[in-house]
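These are my notebook entries on one structure. I record below what I looked up, entry by entry.

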Amino acid sequence: MQNYFNYFTEIEERFQHRRGSLLMLSTLDWALIETWREAGIPLEAVLRGIDNAFDKYDERARRTSSRLRKVNGLAWCAQSVMEAVEQAMEAAVGASNVGATEPTESGFESERVAKYLEDNARVLEAAKIAPPADAVVAETGARLRALAAGLRVDPTVPLEDLDRTLTVLEEKIFAALLTAAAETELTALREQASRELAPYRGKMQAVQIKQVQQQFLQKKLLEARSLPRLSLFYMSLG
């Protein structure tokens with residue numbers, strides 16, 4: 001994936017720039033970006049979709065005498081992003097692949113990544129989590145330490161492979177938290193997600209809405225228990 005470690009920040013910066021004022025992305029917005037990332041949508045397609053959406057918005061603003069409602073969420077651009085993806089796929093048909101090697105990303109040296117894994121391991125080990133989820137969290141902490149030790153022995157481990165492993169570990173924690181969470185907490189979080197998604201349902205596919213709701217729930221459960229996100233994306237944002 002191009003611009004692998006800048007995926008989140010570049011999308012946030014482009015959205016804020018086109019909106020014309022600083023607006024911190026919401027939990028819902030971050031969840032949407034994660035679904036794009038997991039679907040393998042290129043950064044360039046997302047940025048193009050954001051630009052296209054705001055180009056249309058600006059054109060409508062010029063043509064109307066009334067004031068348009070301010071854009072308050074990244075989900076407003078979701079449909080335009082998917083259109084940009086389709087356009088990119090069509091443009092790629094028949095194009096030849098260039099066998100260029102991507103430059104190595106700076107700032108993700110093996111020692112720094114190993115320290116990031118160990119820092120997260122310490123947080124997991126110190127967390128006060130109710131059983132049975134506590135066992136999964138503790139096991140994940142031990143696994144992170146093992147990954148850090150392995151990275152020091154073999155610094156050539158591909159970062160994308162490592163990140164896939166971290167994503168699996170995070171999903172195991174989420175599944176454990178989901179099982180242990182109270183019904184009232186889960187109901188409240190699902191209702192919150194539905195409320196925040198309501199203005200954008202017409203611009204998002206049903207599958208995408210379901211994915212965003214799941215990501216939203218995962219993020220909120222982890223935040224409520226002060227548990228870290230494990231992906232290397234969050235190392236880049238730290």
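**Entry 1: the nonpolar core.** I began with the largest nonpolar core, which has 68 residues; Ile11 and Trp36 touch the most other members. I then looked up which element gives the most to this core, and found α3, with 8 residues. I note that the model is a predicted one.

**Entry 2: tryptophan 36.** I asked which residues tryptophan 36 contacts, apart from its neighbours within four places in sequence. The list consists of Tyr7, Ile11, Ile41, Val46, Leu74, Ala78, Val81, Met82 and Gln208.

**Entry 3: helix α1.** I turned to helix α1, which covers residues 7-19 and has 13 residues. From first C-alpha to last, α1 reaches 19 Å, close to the 18 Å expected at 1.5 Å a residue. The buried residues I listed in α1 are Tyr7, Phe8, Ile11, Glu12, Phe15, Gln16, Arg18 and Arg19. After α1 comes glycine 20, and its phi is positive, near 90°.

**Entry 4: aromatic pairs.** How many aromatic pairs does a search of the whole structure find? The search gives 5. I examined the pair of tyrosine 57 and tryptophan 76: the ring centres are 5.7 Å apart and the planes stand at 90°, so the pair is edge-to-face. This pair links distant parts of the chain, as tyrosine 57 lies in helix α3 (residues 43-63) and tryptophan 76 in the loop between α3 and α4 (78-92), 19 residues apart.

Conventions:
Residues numbered from 1 in each chain as written. Predicted model: local features only at pLDDT ≥ 70, side-chain atom pairs only at ≥ 80, totals over all residues. Heavy atoms only, no water. Phe/Tyr/Trp six-rings, centres within 6.5 Å; stacked < 30°, edge-to-face > 60°. Helix = DSSP H or I, 4+ residues; strand = E, 2+ residues; numbered from the N terminus. Expected span 1.5 Å × (residues − 1). Buried < 20%, exposed > 50% of the residue type's maximum accessible area, 1.4 Å probe, protein only. Core = buried A, V, L, I, M, F, W, Y, C linked by side-chain atoms within 4.5 Å. Contact = heavy atoms within 4.5 Å.
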